[in-house]
Amino acid sequence: VSATPDLVALIDRRYVYQLVNEACLEAWALPRDGIVGHSIAEFFSSREFQAENKPRLERCFKGETVRFQQWFEYPGRGRCFMSVTLTPFVDDDGAITGVVSAARDISDLKQIEDRLRRSEDRFRTVADSAIDWDYWLDPDGSLEYMSPSCKAITGYAVEDFLRRSDLLDSVVDPADANLHSGMDCATLGQQEAVTSEFRIRTADVRTRWIHHTCRPIHADDERFLGRRATNRDITKRKDAEQALADSEQRYRDLAEQAPVAIMESDADGRVRYLNKQAYDTFLLAPRDIDDGITAFDLLAEHDRDRARERFSMYALGQSAPPAEYTGLRSDGTTVALLVHSRPIYHNDTFIGLRAIAIDITERLRAEKDLARSRATLVHAQKLARLGSWTHDLITNSVSWSDEMYRIFGRDPATFRPTTD
């Protein structure tokens, strides 16, 4: 969490920051004590807090996972378009005690989307006014027209391409020459439109990604006039995709190293991913996923209907607190689990479930042992008519055993023991 560029924070029910990561400190340009212990209302206007932030947090306190995208102004980063997820923070007792806020800067993606949308609006406009790099090759492969935007994308002017007939091929990155060879407009004749994505080397030896489309041009009388090519600079999109892939790989690496079982299923409950701990917990192998195992197959028979009901709740957009299940290993043995589940959405459509399963077998065994020990102590004190009491020096509170109340004839429902 501390290494991620996402802004991650824990907010309690008083709307006070309890934890923030390094990205939060950098974005707000504040030291840790400048944020932790302060109300979220101090960082936004009264209108923003009352009309936007507070209602979203209240929904989260009720168990709902809230997602939204919005522009924010950060002192340390400036104006950023953020994708924000607010997730209920549930303690060991199953109570929602706070909200985990995770905000990812998607400004580049937003800008790319906006640019692509504007580009679609300008489709088939005058080539000289287009951002894309367009050119027209006549039927014999000679350059008939080149848009001035070639300069912005390649660093070469129209005159350079007119002077050097080999420049269209030489700007292609040698590593992607095989991708471009099948898309060479001069050799395609009247074939239908083809597309490709490859890298080019600019005049100042920088690498850029372009999306290349080449289609035939025909006159009204169907005479073949050559081919028109459109090259769109998609470098930012490619960089964003790579950054996202790197981020997902980092999270996947963390999942593989996690000491708890992590599972992902599709919308039908079929298991699509298990981390190493999950394989070890259920004594499974990767081929079990290939065989179509479901999340419900990993539970004891008496828990499956309850798990299916909760799965249906998530599919309908409802939320549910963590639940305890009896897990079923491949060898028939069982394991006690505390399962935290969250739905997975794509474009607001439920596509599956992500779950974290914690082995609580030892905890339950310890609780049972403790309960038996307490029962034995109570019985022994009753037989011996021997009571006991404890004094908590920190809280200055006193507690009596059941036998103490019997010895002194006090009602535990109405009498509060003190040091007096």
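Mentor: Let's begin with Cys80: its sulfur is 12 Å from the closest cysteine sulfur, in Cys24, which is too far for a bond. A disulfide is counted when a pair of cysteine sulfur atoms lies within 2.5 Å. Before we go on, please note that this is a predicted model, where local features need pLDDT of at least 70, side-chain atom pairs count only at pLDDT 80 or more, and totals for chains, interfaces and linings use all residues. Residues are numbered from 1 along each chain as its sequence is written, and side-chain values use heavy atoms, with hydrogens and water left out.

Trainee: What is a disulfide, and how many disulfides does the structure hold?

Mentor: In general, a disulfide is a covalent bond between the sulfur atoms of two cysteines. This structure holds zero disulfides. Cys24 is in no disulfide either, with the sulfur of Cys80 as its nearest cysteine sulfur, 12 Å away.

Trainee: Is Cys80 buried or exposed?

Mentor: The idea is to look at relative accessible area: buried means under 20%, exposed over 50%, and partly exposed in between (1.4 Å probe, protein chains only). Cys80 has 4%, so Cys80 is buried. Cys24 counts as buried because its relative accessibility is 5%. Leu377, at 48%, counts as partly exposed.

Trainee: Now the rings, please. How many aromatic pairs are there?

Mentor: Rings of Phe, Tyr and Trp (its six-membered ring) pair if their centres lie within 6.5 Å; planes under 30 degrees apart are stacked, over 60 edge-to-face, and the rest tilted. By this rule the count comes to 18 aromatic pairs. Take Tyr17 and Phe43: their ring centres are 5.5 Å apart and their planes at 85°, so the pair is edge-to-face.

Trainee: Where do Tyr17 and Phe43 lie?

Mentor: Helices (H or I, at least four residues) and strands (E, at least two) are DSSP runs, numbered from the N terminus. Tyr17 lies in strand 2 and Phe43 in the loop between helix 1 and helix 2, so the pair ties together parts that are 26 residues apart in sequence. Tyr17 is buried, at 9%.

Trainee: Which residues form one aromatic cluster?

Mentor: Tyr17, Trp28, Phe43, Phe44, Phe72 and Tyr74 do.

Trainee: What sits over the ring of Phe68?

Mentor: A charge sits over a ring if NZ of Lys or CZ of Arg is within 6 Å of the ring centre and within 35 degrees of the ring normal. Here, the charged end of Arg56 sits over Phe68, 3.6 Å from the ring centre.
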